[in-house]
Amino acid sequence: MGRKKLQDFSRRERQIMDVIYRLGQCTAAEVMEALPDPPSYSTVRTLLGVLERKGHLQHVRRGYHYVYSPVTPKERARESMLEHVMDTFFEGSATEMVSAVLDISDSDLSDDDYRQILDLVEEARKEGR
């Protein structure tokens with residue numbers, strides 16, 4: 001199955017996928033509880049079916065309920081999302097994106113946070129990423 005793009009989602013579908021990635025797996029009722037300004041239960045069920053037909057979700061039946069989980073692993077979805085954000089808002093520049101992250105979070109970063117970031121950069125450099 002090909003890589004799914006963020007553009008494949010409507011606003012509500014994106015919200016549902018966010019809930020499912022956050023919870024790992026969940027029922028339609030659990031999705032509905034977690035959504036801001038939730039639509040009706042039948043609308044949530046319909047959207048879950050749409051997402052499943054698009055290839056983003058899968059389900060297993062547990063008792064009387066369907067339990068939904070993402071098809072794409074969270075790590076791969078995260079990479080796709082970051083690529084989209086970098087292309088859309090930072091013209092493909094990882095440097096600009098990291099700079100923006102540091103600008104908005106510099107007051108929250110401890111010395112240990114900075115050391116960890118530097119270690120990650122050094123590790124990526126050694127691995128040729």
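With a salt bridge taken as a side-chain nitrogen of Lys or Arg within 4 Å of a carboxyl oxygen of Asp or Glu, the count comes to 3 salt bridges. The coordinates are those of a predicted model, in which local features need pLDDT of at least 70 and side-chain atom pairs count only at pLDDT 80 or more, while totals for chains, interfaces and linings use all residues. Residues are numbered from 1 along each chain as its sequence is written, and side-chain values use heavy atoms, with hydrogens and water left out.

One of these salt bridges joins the side chains of glutamate 13 and lysine 54, at 3.0 Å from N to O. This pair links distant parts of the chain, since glutamate 13 belongs to helix 1 and lysine 54 to the loop between helix 3 and strand 1, 41 residues apart; helices (H or I, at least four residues) and strands (E, at least two) are DSSP runs, numbered from the N terminus. Relative accessible area, computed with a 1.4 Å probe on protein chains only, sorts residues into buried (under 20%), exposed (over 50%) and partly exposed (in between). On this scale glutamate 13 counts as buried at 5%, whereas lysine 54 is partly exposed at 34%.

Another salt bridge is formed by aspartate 18 and arginine 14, whose closest N and O atoms are 3.0 Å apart. Aspartate 18 and arginine 14 lie 4 residues apart in helix 1, and so are separated by about one helical turn. An α-helix has 3.6 residues a turn, so residues three or four places apart point the same way. Arginine 125 and glutamate 122 also form a salt bridge, with 3.5 Å between the closest N and O atoms, and they are 3 residues apart in helix 6 (residues 111-127). Arginine 125 counts as exposed at 59% relative accessibility, while glutamate 122 is partly exposed at 33%.

What does helix 3 pack against? Helix 3 (residues 41-53) has 13 residues and reaches 18 Å from its first C-alpha to its last, close to the 18 Å expected, the expected span being 1.5 Å times one less than the number of residues. Its buried residues are Val44, Leu47, Leu48, Gly49 and Leu51, and they pack against helix 1 (11-23), helix 2 (28-34), strand 1 and strand 2.

Leaving aside neighbours within four places in sequence, isoleucine 16 is in contact (heavy atoms within 4.5 Å) with Val31, Leu35, Leu47, Leu48 and Leu51.

Helix 3 is followed by glycine 55, whose phi is positive, near 95°. Further along, strand 1 (residues 57-62) and strand 2 (residues 65-70) run antiparallel and are joined by 6 bridges, where pairing requires at least two bridges found by DSSP. The two strands form a hairpin with 2 residues between them, and glycine 63 in the turn has a positive phi of about 65°. Histidine 59 stands opposite tyrosine 68 in strand 2, and tyrosine 68 is buried, with a relative accessible area of 3%.
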